[in-house]
There are 2 protein chains.
Amino acid sequence: MRMSTRARYGLRLMVELGLRYSEGPVFLREIAKVEEISEKYLSQIIIPLKAARLVTSFRGAHGGYILARPPAQITLKDIIETLEGDFDLVECVKNPETCTRVSICVTRSLWQDLGKKMAETLDSKTLDDLVRQCKDKQNCAMYSI
Amino acid sequence: MRMSTRARYGLRLMVELGLRYSEGPVFLREIAKVEEISEKYLSQIIIPLKAARLVTSFRGAHGGYILARPPAQITLKDIIETLEGDFDLVECVKNPETCTRVSICVTRSLWQDLGKKMAETLDSKTLDDLVRQCKDKQNCAMYSI
DNA sequence: TACAAATACTATTGATTTGGTAGTAATTGG
DNA sequence: CCAATTACTACCAAATCAATAGTATTTGTA
């Protein structure tokens with residue numbers, strides 16, 4: 001069971017945006033360089049983050065991206081859910097009508113519980129927690145330029 | 001984020017074996033019928049469960065499968081881990097040497113935490129919990145024959 | 001001992017998802 | 001006007017998923 005690179009890269013992207021939140025819009029190129037991720041790929045990953053209103057973009061010269069709100073107001077659940085989809089581990093959790101066995105199946109509630117637990121765990125942490133950790137390390141990517 | 005059908009079918013398979021644990025070996029054909037899953041596919045899924053010593057098989061006429069130990073002694077973590085792989089959500093959790101950024105990356109510990117939480121959640125439940133739920137429902141698959 | 005019924009093993013396959021790349025269009029500050 | 005940036009569309013190779021097919025092996029029993 002692995003997290004997709006979309007979610008992994010996207011989270012790193014958000015951490016970088018969090019580190020520079022007070023400095024205004026950041027070029028994707030810089031983040032790509034610092035995080036050693038393809039800029040083209042990051043530009044794909046950031047689309048859903050924009051759509052979810054976690055990130056705001058500015059086009060044209062001196063454009064860039066900035067968090068739509070302070071890192072402390074963005075939970076990791078917000079981010080992962082946007083990039084990885086919801087935490088309904090099986091289809092029948094959200095759409096019970098897609099399975100004829102829901103009334104007799106005891107596994108459904110397990111998947112429901114597990115998904116809820118994952119969501120809770122991620123909802124209890126904010127982007128700011130990661131940003132602070134990064135700053136505490138003193139050697140996080142953005143500062144090593 | 002979805003659980004694979006391997007894990008979903010495999011768990012249902014294990015619940016059925018749990019329901020009949022006291023009755024000796026069960027034919028895969030019967031479980032396939034009751035759970036409405038392809039017998040051929042189930043025969044693939046049960047291989048890792050056997051390898052993990054969660055299930056014991058008997059070949060030949062009047063063969064079948066039976067749980068290797070009582071349902072109360074099999075956690076759901078045992079089952080899901082066997083079918084879905086470990087709970088290391090990113091490669092670097094288990095193999096830090098595969099990423100040059102582990103020393104500066106703050107996302108690694110998050111993935112580690114989340115994986116651990118999932119494992120804990122599943123480790124706190126046993127197959128017997130699901131078997132009991134099924135029996136309580138009075139209408140679980142094995143009883144509806 | 002032959003046979004039927006079951007598991008064990010090996011290979012294949014179509015569909016989907018993943019993890020990107022490439023190229024062009026649109027926007028905008030200077 | 002131009003350079004720099006985001007936005008959009010299309011494409012693609014590789015891996016994974018969800019099976020299916022067929023054959024081999026084992027074994028209780030008639």
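For sorting residues, I count Ala, Val, Leu, Ile, Met, Phe, Trp, Tyr, Cys and Pro as nonpolar, Asp, Glu, Lys and Arg as charged, and the others, Gly among them, as polar. This is a predicted model: local features need pLDDT of at least 70, side-chain atom pairs count only at pLDDT 80 or more, and totals for chains, interfaces and linings use all residues. Residues are numbered from 1 along each chain as its sequence is written, chains are lettered from A and ligands numbered from 1 in written order, and side-chain values use heavy atoms, without hydrogens and water.

Pockets. I took a pocket as an open set of points on a 1 Å grid over the protein atoms alone, where a 1.4 Å probe fits, with protein on both sides within 12 Å along at least five of seven lines; lining residues have an atom within 4 Å of a point. I found 17 lining residues, with Arg8(A), Tyr9(A), Arg12(A), Cys92(B) and Cys99(B) nearest the centre. By class, I noted eight nonpolar, two polar and seven charged residues in that lining.

The second largest pocket comes to about 200 Å³. Its lining includes Trp111(A), Arg8(B) and Arg12(B), and splits into five nonpolar, two polar and five charged residues.

Helix residue. I found Thr121(A) in helix H6 (residues 107-123) of chain A, helices being DSSP runs of H or I with at least four residues. Across in chain B, Thr121(A) touches Leu114(B) and Lys117(B) (heavy atoms within 4.5 Å), leaving out residues up to four places away in sequence.

Technical notes. Helix = DSSP H or I, 4+ residues; strand = E, 2+ residues; numbered from the N terminus. Points joined across faces, edges and corners; volume = space filled by probe spheres on them.
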